[in-house]
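Here is a short walk through a structure, one step at a time. Keep the sequence and the 3D view side by side.

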Amino acid sequence: MTKLTMIIDLSRCIGCWTCAVGCKAENDEPIGIWWNRILTNGGEEMDTPSGTYPDVSMSYMPINCQHCDNAPCVKVCPVGALRKREDGIVFLDWDRCIGCRYCLIACPYGIPSFNWKPPVQFPDTSQFKIGNPLVPVRPVGVAEKCTFCFQRVDAGNLTPACIEVCPAGARFFGDLDDPTSEVSQIIQTTPTIRLREELGTEPSVYYVPPRNTARPQEVPSD
Amino acid sequence: MTSVKTLSVLLLGLLLMVTGVSLWVLGDSTSVVVSIPLASTGVLWAPLIWILGIIITLSAALANTLPLKNYLTWLLLLVVGYLAIFVIVVSVTSVILP
Amino acid sequence: MKKGYPTDMTAEEESVLQPLLKTGKGFYAFVGVLLVLIGWFLYCWYTQLSQGLIVTGMRSIYNAPNYMAYGVAGGSPWGVYVTTFIFWIGISHAGIAISASVRLMNLKKYKVVARIAEVLTLVALPMAGLSIVFDVGRPDRLFNLLEFGRFQAPMLWDLSAVTTYFMATIIYLYLSLRGDIDELALRIPRREWFYKRLAMHYEGTETEKARHTQTLWWLAIAIVPIMVTVHSVVSFVFGLMIARAGWYSTIFAIYFVVGAIVSGVAAVYSLAWIFRSLYKWQSLITDEVLKGISWALRNVLIIYIYLWIAEELTTNYMGPSAELRVSDFLWSGPYAPIFWPLAIIGFGIPAIILFKPVFARKAFNPKLTFIASIILNVALWIKRFIIVVPSLLNPPLYQTGIYIPTVTEVSIILGTFWMAALLYVVFLKMFPIIELDAVEA
């Protein structure tokens, strides 16, 4: 069995959003929709430090679909647009979705996005197509979310766009059922956590907690 | 008081309800491998069979009190009317939606 | 056909048939206004369909920080459409609560309002369904529910239960109406062709009447659990969501069902009072009948307030922080200007009016109770709004935005009210809203 898993090393994440932008380009996400979002641990705005000066620290939490084994979104979808594949990917079928937004509500991580208006790509993709042609453009009124780049996985390439473009090497992806894969090695050697474990969703995204966080240097007083 | 007509309608309705749910249960494979174009989950239209079963079961009340021809008219009216709502909503909105 | 059947009406029958016999200018003016308002609603729905749900105030739960999101910041994915759906389902609980009580418990006194309640259900359920059609992003894929529907999904339970309830109600209404339709063929000769066909060979014999009574009795018994199921499954859409603080609660099924009965009974009282005043039916819908309805309303209201207090206490005593955030959002946050007037005015005033006859031993005041019933239904709409939206605006990490319904959105849900009113008055003009044998008794 394949068990596709993603690991994100939070001590390497610099909050640059490159993974989010890479994802957006690969999957042709319209204006206003981000499948991959990088939350800042200090507050609601980007790059807000946590704590009170001078004891502040900066850390980030990239969050995308957790592709849970016990996914609430799959359970509640009235038309079965959300389905869990055998390789672990929770796939949202854009052709079947009726846009009820129950998955947005059932997801404990607030992941799915919704096409509130007819999608507008920027830059104008009628001139320059940037998305992967294997990913269809979604119409207005359907939900969408991270697919672990199923189009790459199905073609044999176990490197989703976000893993490929991360400049800090903070993201890893692979088959957890394969003991030789990178993700299996990391899981065995490094303590990892998953989000909201107490809910029993069994997510497939693991986070390596930050071991060091950016701190302001002390200014020498001379 | 209950006639053969009523009982047979009741049985037919309940049978359809059970069939609808069973077809669904037997066919449900929420973790089936999906490839584009997509596989279905459950047997297609099982919920419709279930709903028709509900309508027919309830119509036993009409079967018990109306002459056969009138009962069948009512049944047709209920089923067609119900589906017509879907048809109307779908056709009107598919013209307007981008 | 029927030997010795009287062809001239009694005074009471004529009174009951007033709406069918006479149509004044007021009626046409009322319908005219409704049609204009429905036209505006249709235009707004067209706008929503062509431009997408962006024309509403609803938004996704999380989004990128505002400045990167081009105006689609976080908010509430559900809003007034879902609230109105719950509201209409609530109103629909009148019909059978009253009809079944009348039939199963032999409360002949309330037979006069039974049909008012049944028609209300018949009109409310399609409006509930429409509210959902307005809410989904792709109503052109509605058949997917029937083709691919999953029985594990709470929304399929909703679809099944509401369909069952609607079909049962329309069958029940027809069978209880059938005798009256047959009689109307004699009373209103110019519409005889219509009523004769609709009566479908009704003979009016004693055996046939007995058969109808027995069938209706069984149907009433079947409908009561259906009614409880309907609002329970609606509550499960919310109550089963572990992810949403403020929703995940074991009490939701009973809470919603009781709330629905309050809604429904209040609506029946309102309509009964309006028709009584309009058509001068004080001798038919007597003060005693209205008093009885208000008695029932008072009792379910106190149960509802009790459940509400239990919910608030459970959340606020030492609630998990996520629950406290949702509660604070209502008690002292942005929605406080909605919450406190709701509790004090929306529920407090009707409660005082309904309880006054108990303590003050004063005569029951039908008009004041009517005002209470209207306030109560508005309050219950708002109550459902504050159940649906605050939990969605307060996901685990922080409050993500605000939800303010737009004019388009409000026009669309008001459209359901106009259409409901139109359907109701059409029925009023075609069939007696008071059972004719309630009069003849």
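Start in chain C with helix α4 (residues 80-91) and helix α11 (residues 252-279). Their axes come within 7 Å and cross at roughly 65 degrees. Axes here are lines fitted to C-alpha atoms, for helices over the stretch in contact, and angles run from 0 to 180 degrees between N-to-C directions. α4(C) and α11(C) are therefore roughly perpendicular, a word that covers 65 to 115 degrees. Their crossing is right-handed: the near helix is turned clockwise from the far one by less than a right angle.

Which residues of α4(C) and α11(C) make the contact? From α4(C) come Ile89(C), Gly90(C) and Ile91(C). From α11(C) come Gly259(C), Ala260(C), Ser263(C), Gly264(C) and Ala267(C). Two residues are in contact if their C-beta atoms, placed from the backbone, lie within 7 Å. By class, this contact has 4 nonpolar, 4 polar and no charged residues. Ala and Ile count among the nonpolar residues, while Gly counts as polar.

The model is predicted: local features need pLDDT of at least 70, side-chain atom pairs count only at pLDDT 80 or more, and totals for chains, interfaces and linings use all residues. Residues are numbered from 1 along each chain as its sequence is written, while chains are lettered from A and ligands numbered from 1 in the order in which they are written.

Now turn to chain A. Its secondary structure comes to 6 helices and 9 strands. These are DSSP runs, with at least four residues (H or I) for a helix and at least two (E) for a strand. The C-alpha atoms of chain A fill a box of roughly 65 × 40 × 30 Å, taken along the principal axes.

How values were computed
Angles under 35 degrees count as roughly parallel, over 145 as roughly antiparallel, 65 to 115 as roughly perpendicular and the rest as oblique.
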